[in-house]
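Subject: Structure handover

Hello,

I am passing on the structure we talked about.

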Amino acid sequence: SAPDGAVCFWIDPQGNPRMSNVVSQLRVTWPSGQTTPLGLNEDRRPNAAVLYTPRLGASTRTYGGRELVLERVENNAWLPLRAGEIYTAQVREVRDGGNTRLGSDIMVLSLGPSLAARLPRVAAGSVLKLSTATMPDLSKVQTALGGGPQLVHEGKEQTSYEHRSNQRHPRAAFGWNATHYFFAVVDGRQPGLYMGMTLQEMAAYLSRQGCDEAMNLDGGGSVEMW
């Protein structure tokens, strides 16, 4: 999926761990030169465009709108998608109604109903450009992980969180220093057994373990790591 502007962890092409907010600049360029921002493998809103790849599953699971089935042009780069690339795609088919089947060699560009009404129709055979740019640039990055918020930075516990951060919940977090990576899971919501942690408590715990950098991954009932 595409980054949403929140904190991300990645390993740069030189093998160094990095962490910062990452903003999506994914977009499609139409034959007219007009561009439209893109989501990636996520729920599609009525006024948005989302690109779906076979990573999602058997179909787009959308309803309504217009969907363009995209195929590779000659020997240009194709699936799996990489960050920081520009892909050339040809429209194989235009479908109305949503829930288009996905295949190993195609992508589907899904346009929500209100957005589709504002865009000129493209025909089968049209050629589009798809950009997977991000800011900062994640070109050639093989591993990236979204989450947030940042818990430890440059060895210092971070304390500025949104208002619910003082509640104790199950937590999953990830951190590192010059020699080790740290994976942490905290159970919770089981009175008399496990209480969970606040974000501040999680930051303090990871700092005590020796993390120079750390980020929260998720909290609540979905916490799980393997």
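Predicted model: local features only at pLDDT ≥ 70, side-chain atom pairs only at ≥ 80, totals over all residues.

At one end of the order, strand β14 (residues 150–153) pairs with β15 in the antiparallel sense over 2 bridges. In that pairing His153 stands opposite Lys156.

Strand β16

Is strand β16 enclosed or open to the outside? Its residues, 171–176, are buried in 6 of 6 cases, so the strand is largely enclosed by the rest of the structure. Burial applies to both faces: Arg171, Ala173 and Gly175 point one way, Ala172, Phe174 and Trp176 point the other way, and all are buried.

With strand β17 (residues 181–186) it runs antiparallel and is joined by 6 bridges. These two strands form a hairpin with 4 residues between them, and Arg171 stands opposite Val186 of β17. With strand β18 (residues 213–219) the pairing is also antiparallel, over 6 bridges. There Phe174 is placed opposite Met215.

β18 also contains Asn216. With a relative accessible area of 5%, Asn216 is buried. Leaving aside residues up to four places away in sequence, Asn216 touches Gly147, Gly148, Pro149, Leu151, Arg171, Ala172, Ala173 and Leu199. Of these contacts, Arg171, Ala172 and Ala173 belong to β16.

Aromatic residues

The structure holds 6 aromatic pairs. In one of them, the ring centres of Phe9 and Phe174 are 4.7 Å apart and the planes are at 70°, so this pair is edge-to-face. Phe9 sits in strand β1 (residues 7–11) and Phe174 in strand β16, so the pair ties together parts that are 165 residues apart in sequence. Phe9 is buried, at a relative accessible area of 4%, and Phe174 also counts as buried, at 5% relative accessibility.

Phe174 forms another aromatic pair, with Trp176. This pair is tilted, with 6.1 Å centre to centre and 45° between the planes. Both Phe174 and Trp176 are buried. Taken together, ring pairs link Phe9, Phe174, Trp176, Tyr181 and Phe183 into a cluster.

Helix α2

Which residues of α2 are buried? They are Leu199, Met202, Ala203, Ala204 and Leu206. As background, an α-helix has 3.6 residues a turn, so residues three or four places apart point the same way. The cover over the buried residues of α2 includes β14, β15, β16, β17 and β18. One of those buried residues, Leu199, is also among the contacts of Asn216. After the helix comes Gly210, which has a positive phi, near 110°.

The largest pocket

How much space lies in the largest pocket? The volume is about 860 Å³. The lining consists of 30 residues, and those closest to the centre of the pocket are Ser1, Ala2, Leu40, Leu81 and Ala144. Both β1 and β13 (144–146) supply at least two residues of this lining. The largest share, 3 residues, comes from β13. β1 is also the strand that holds Phe9.

A loop residue

Lastly, Ala58 is in the loop between β7 (49–52) and β8 (66–72). Not counting residues up to four places away in sequence, Ala58 touches Arg101 and Leu102. Ala58 and Ser207 are 149 residues apart along the chain, and their C-alpha atoms are separated by 42 Å.

Regards

Conventions: Residues numbered from 1 in each chain as written. Heavy atoms only, no water. Buried < 20%, exposed > 50% of the residue type's maximum accessible area, 1.4 Å probe, protein only. Pairing = 2+ DSSP bridges. Phe/Tyr/Trp six-rings, centres within 6.5 Å; stacked < 30°, edge-to-face > 60°. Contact = heavy atoms within 4.5 Å. 1 Å grid on protein atoms, 1.4 Å probe; cavity = no way out; pocket = protein on both sides within 12 Å on 5 of 7 lines; lining within 4 Å. Points joined across faces, edges and corners; volume = space filled by probe spheres on them.
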